[in-house]
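Student: Please show me the model, and then we can go through how to read its features.

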Amino acid sequence: IKSIDDIKCIKCSRGNTFSDKPTKQTCKKCSICAVGQRELTPCNLTHDRICGNCDKGFYGSKDTGCKPCSACCNDKYDVRIPECRNIAKNKQCGYTERSITVCQEQNSSKKTSPKKSSIITIVLTVTTALLFVVILTLVIIKCIKYRRKNRRQRTDSCTALLPSADEAPRSELITLEDPTPHGSQQILHFDKSGILIQFNDANCFSSDCRGIQLKICWDENSIPLQPGEVQLSPVIKFQPYGKQLSKPVQVRIPHSALVYLSNGWNIKPKSSVPHKGSIVWKGENKFQVHNNEVSFQVDNLTSYVIIGTSLDNGKPTKKRFQGAVFGGVGTVGVDYTAYLYIFDDSESSFEKIMQEEKSTGRTLLGSPQSFYVETMIDTKVKISVKEPMEGWIVGEIKPEFITQTNLKDSYQAIPRTTVKFKHDNGRNRDFLCVFELTAEDTTTSICAVATIREDPSRKFQEHQPGFGNGSHQFVTGRNLCDPLIVNPDKPSPCLKDLPKEVLEALCVKLDKPLKGVGNWRHVATCLDFTEEQIQRFRNEMLTPDGSPCTVMLEALVTKSPQFTVAEFVRILQTRKIQRFDAVEVLEPHLHSC
């Protein structure tokens with residue numbers, strides 16, 4: 001370069017490249033978080049993407065890699081992972097060959113329908129228990145009213161925080177949560193909501209911790225917000241309300257503000273005080289704001305909430321959200337409905353959704369994904385669907401945009417989008433697609449997977465949760481999930497002799513990310529490849545347009561040149577693989593002409 005005037009600088013590509021200082025060098029590529037690894041901050045023009053530890057449902061670290069929590073066999077050979085204890089008990093084991101084959105199959109076989117007698121026994125037991133609880137509750141209420149007949153009963157603050165029993169919907173009635181005590185550390189931990197109470201000494205812990213419970217109050221009228229205020233946690237109410245403690249304790253409440261690195265938030269906790277028969281909210285004076293929680297000292301337990309306002313310093317005021325997709329699993333007709341939730345990154349929000357979806361018969365279709373959205377400016381999150389599995393087309397997306405108001409008020413009403421799908425070729429098959437959430441210049445992808453079968457008796461006419469409305473029409477003929485019959489008397493061509501376009505179509509099917517058994521890794525295991533070879537195939541995912549299945553097939557035909565199409569089809573149809581979509585690609589080439 002003869003002169004500085006000959007240098008011409010260009011902008012880096014947002015989300016793809018960055019430059020942390022002016023230089024004559026080209027922009028650096030943004031790093032990519034591994035599968036199951038939490039993204040702390042996205043890549044922008046001046047800073048690289050920062051990846052954290054493993055997300056919920058995974059274990060390991062950002063140094064060793066994240067592995068999915070897998071099924072347990074519930075025997076002495078199980079290796080339970082401490083990081084997986086916050087998910088279902090039968091899915092808290094390490095990612096091993098035994099876990100993804102034997103234990104997964106064992107757990108699947110347990111999900112068969114119970115016998116009629118078992119159902120009747122369960123129903124009678126539950127009904128008897130409920131009747132006993134109701135009668136006992138009525139007796140206790142009667143005794144309390146009799147003893148306090150001539151005394152004014154102290155106002156229960158939850159009447160100001162929650163709707164009455166006649167007005168509140170059934171889904172809004174959240175039961176009291178009991179804590180998990182850790183005596184060696186003098187801590188009460190509420191697992192479902194993430195709240196923690198730290199006592200100062202063992203004596204206070206043993207005398208004060210008894211009887212403390214917690215309730216999440218979801219009513220939208222529970223706290224009046226001032227202009228410019230954003231709710232960053234649900235309303236937390238301790239029971240018994242106003243409990244006086246012998247010494248101050250530290251209370252830690254999770255918040256959903258993004259305060260890592262750049263922060264434009266002014267965050268503070270508020271507490272409730274009974275005043276003349278009503279509730280008055282006041283700000284706490286002494287507190288500390290951490291990345292994911294706020295801590296403060298109190299000597300009595302009332303109701304609390306975390307509030308945020310903008311510092312107006314030009315820095316972002318983003319909230320941490322997660323996206324999760326729910327839907328039905330089982331037998332459906334020509335329609336299928338999935339539900340996408342955008343909720344605050346907090347245990348209490350996720351627990352609320354899980355309770356409501358479980359009551360409707362729907363299940364989680366994939367791992368929740370984290371993303372960050374600006375809430376103080378007019379921001380919209382666009383919902384789109386990409387790469388639906390062959391046989392499905394996207395119908396109605398309602399609503400297609402999540403507005404700024406929805407995002408700010410997400411603790412009063414969790415935003416939800418309903419997406420309807422239809423068959424485009426008249427065949428029922430497994431359901432798989434990718435939901436994309438786009439806000440500003442950032443896009444987050446969520447993979448949704450469900451197992452769907454054809455109704456063998458064609459008598460399914462009633463409405464089922466998550467399966468659209470009205471009756472369902474079923475198709476006839478061989479279903480995609482029916483095994484392909486291989487005739488051993490007919491010769492089958494070698495896999496290496498198949499046309500290039502057939503092998504490419506096969507790799508497209510097997511490269512798709514699938515949870516549990518049936519992905520390309522399990523196919524490679526059945527083909528007797530070593531862990532070292534499988535890791536080499538996996539490295540292809542890190543290259544542009546990389547295909548691990550293409551490298552796997554090249555290694556297969558090199559190792560076994562006479563490996564036939566029929567042999568490969570048999571592996572794809574085994575019980576622990578069941579990749580009938582890939583079998584469909586090979587079906588026309590199964591036997592030689």
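Student: Which residues have the most contacts inside the largest nonpolar core?

Tutor: A nonpolar core is a set of buried Ala, Val, Leu, Ile, Met, Phe, Trp, Tyr and Cys residues joined through side-chain atoms within 4.5 Å, where buried means under 20% relative accessible area (1.4 Å probe, protein chains only). Here the largest one has 32 residues, and those with the most contacts inside it are Leu527, Phe529, Met552, Leu553, Phe568, Leu572 and Leu586. This is a predicted model: local features need pLDDT of at least 70, side-chain atom pairs count only at pLDDT 80 or more, and totals for chains, interfaces and linings use all residues. Residues are numbered from 1 along each chain as its sequence is written, and side-chain values use heavy atoms, with hydrogens and water left out.

Student: What is leucine 527 in contact with, leaving aside neighbours within four places in sequence?

Tutor: Contact means heavy atoms within 4.5 Å. On that basis leucine 527 touches Met552, Leu556, Lys559, Phe563, Phe568 and Ile571. Another core, of 31 residues, lies apart from the largest one and includes Ile197 and Trp265.

Student: In what order do the four strands of the open sheet come?

Tutor: Strands of a sheet pair through backbone hydrogen bonds, either parallel or antiparallel. Strands are DSSP runs (E, at least two residues), numbered from the N terminus, and two of them pair if DSSP finds at least two bridges between them. In this sheet the order is β26-β24-β28-β29, with antiparallel pairing. The edge strands, β26 (401-402) and β29 (442-450), each pair on one side only. Nine bridges join β28 (residues 431-439) to β29, and valine 434 stands opposite cysteine 447 in β29.

Definitions and conventions:
Buried < 20%, exposed > 50% of the residue type's maximum accessible area, 1.4 Å probe, protein only.
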